[in-house]
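Hi,

Here is the structure I promised to pass on.

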Amino acid sequence: MVTAKAWVLKKHFEGFPKTSDFDLKKIELPDLKDGQLLLESVFLSVDPYMRPYSRRDMKEGDIMIGTQVARIVESKNPAFTVGAFVVGRSGWRTHFISDGKDLELLPSSWPESLPKSLALGTVGMPGLTAYFGLMEVCKMKPGETVLVNAAAGAVGSVVGQLAKISGCKVVGCAGSDEKVAYLKKLGFDEAFNYKTVPSLDEALRKASPDGYDCFFDNVGGEFASIAINQMKKYGRIAVCGAISQYNDSVPQKGPYIQIPVIFKELQIEGFMVFRWNNRREEGLKALLKWVMEGKVKCHEQVTEGFENMPMAFIGMLKGENIGKAIVKV
Ligand code: NDP
């Protein structure tokens, strides 16, 4: 008999999440039936989407939603061997039982030397978000200028590097000087700390006096309202996330964007990475190749200990992470 630990949403978040909104539970797992597997989480992901999705999809007492890299510890399913690693969607739990249908094997070409936690970051959902958002929504072309915010995070850091690989000029914004130094190390052409510049409008103009062809927006709110005025004619905006609004109890108000959208004839498209689930393999293969060639660099903010998951989640929402925020069990 295995006892799993799981974090449940004790109370719906009001404003910024607090550790008291979570509860740690123990769950006795039953013996396996034919066709089932027992898995142990090795790395768990903490992601911004958990904040808005918890309100939309969860009720109090539910286990927190989320993904993990897990190792198969017992198998009564011939399609899965003990010791193999998979990506699961079983929420914040140390152990779980699956029939295998919801599991994704790591790409077969995954090198032994590469940390498996990257399957939750650069070579996983956030990397795919950058890949498809840039290629299919921004439709970036060589020589164009790409703006990305939350640029030192899991998605943003890949966006900037992929845009560089494609021959674009890249401007990134992040919330600390340490993050800005990281962006420069990654090869961003221009980077600045949006929290300390005297004027965001001026900083954006200085970074690219001719404006922006593509804007990969992870933040929304006021940042997006300001950036939109500096788009070039026919510019494309990929609305990926709106993290500046996720913790608001009262919705933010304008400024409203219709005038620049009309005069600059902008294309603004929201997207969810799952739209390209049928091309997942293509995206992961490309990302894995770039990582192995050293063309895409990865950084992880690893929090040790399953008991620290709420802290890691809250820290990520506060901007404490460089690269992908991960919890190592
Ligand atoms: P990150 O690793 O970028 O972590 C979140 C970062 O957001 C923080 O480090 C912080 O960086 C920044 N941030 C937090 N609060 C604010 C704020 N009020 N204003 C501006 N920036 C803030 O997370 P991800 O890369 O995983 O996700 C980035 C965005 O992409 C999120 O909005 C997320 O919801 C979205 N997303 C969308 C997907 C889709 O399919 N559409 C899929 C995956 C992610 P800083 O210090 O720079 O402020």
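This is a predicted model: local features need pLDDT of at least 70, side-chain atom pairs count only at pLDDT 80 or more; totals for chains, interfaces and linings use all residues.

Phe263 sits in helix α7, which covers residues 258-263. Is Phe263 buried or exposed? Its relative accessible area is 62%, so Phe263 counts as exposed, the cut-off being over 50%.

Now for the inside: buried residues make up 51% of the 329 residues in the protein chain.

On to the overall shape. The C-alpha trace spans about 65 × 45 × 35 Å along its principal axes. A compact globule with 329 residues would have a radius of gyration near 20 Å, and the protein chain has 20 Å, so the two agree.

As for the fold, the protein chain has nine helices and 15 strands. I also looked at contacts between residues at least 6 apart in sequence: 68% of these join residues at least 24 apart.

Last, the record. An unreviewed UniProt entry carries the annotation "domain: Enoyl reductase (ER)" for residues 15-327. In the model, that span is 28% helix and 25% strand, and its end C-alpha atoms lie 23 Å apart.

Cheers

Technical notes: Residues are numbered from 1 along each chain as its sequence is written. Side-chain values use heavy atoms; hydrogens and water are left out. Helices (H or I, at least four residues) and strands (E, at least two) are DSSP runs, numbered from the N terminus. Buried means under 20% relative accessible area, exposed over 50%, partly exposed in between (1.4 Å probe, protein chains only). The radius of gyration is taken over C-alpha atoms; the globule rule is 2.2 Å times the number of residues to the power 0.38. Contact means heavy atoms within 4.5 Å. UniProt positions are given in the numbering used here, feature names are shortened, and annotations may be inferred rather than shown by experiment.
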